[in-house]
Amino acid sequence: MISEVYDAFVAAGAPEDKARRAAEAVANYEARFARIDADLLVLKWMTGTILGGVVALVVKAFFA
């Protein structure tokens, strides 16, 4: 749970139990985005490796 979000909901007048559940839901979304960012990092490295291999094959085909 993100305590800042919880405090903001409570300060806005939301009941404590609903504020807690909403803050936990926001924290779950943040964890999902972190996982997606990690997956994208792997995909970027894979794409770069494939692009490097293709460039090497093109260079070899035309200049070797």
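Which side chains meet in a salt bridge? I looked this up before anything else. They belong to aspartate 17 and arginine 21, at 3.5 Å from N to O. For the term I used a side-chain nitrogen of Lys or Arg within 4 Å of a carboxyl oxygen of Asp or Glu.

**Ground rules.** I am working with a predicted model, where local features need pLDDT of at least 70, side-chain atom pairs count only at pLDDT 80 or more, and totals for chains, interfaces and linings use all residues. Residues are numbered from 1 along each chain as its sequence is written, and side-chain values use heavy atoms, with hydrogens and water left out.

**Back to the pair.** I searched the whole structure and got one salt bridge. Aspartate 17 and arginine 21 sit four residues apart in helix H2, so about one helical turn separates them. I noted aspartate 17 as partly exposed, because its relative accessible area is 46% (buried is under 20%, exposed over 50%, partly exposed in between, with a 1.4 Å probe and protein chains only).

**Overall form.** I counted two helices and zero strands; these are DSSP runs, H or I of at least four residues for helices and E of at least two for strands, numbered from the N terminus. The C-alpha atoms fill a box of roughly 70 × 15 × 10 Å along the principal axes. Of the 64 residues, 8% count as buried.

**Along helix H2.** I found that helix H2 covers residues 16-63 and holds valine 55. Valine 55 counts as partly exposed because its relative accessibility is 45%. Leucine 57 is in helix H2 too, and I put it down as exposed because it has 59% relative accessibility. I also took the separation of leucine 57 and asparagine 28: they are 29 residues apart along the chain, and their C-alpha atoms are 44 Å apart.
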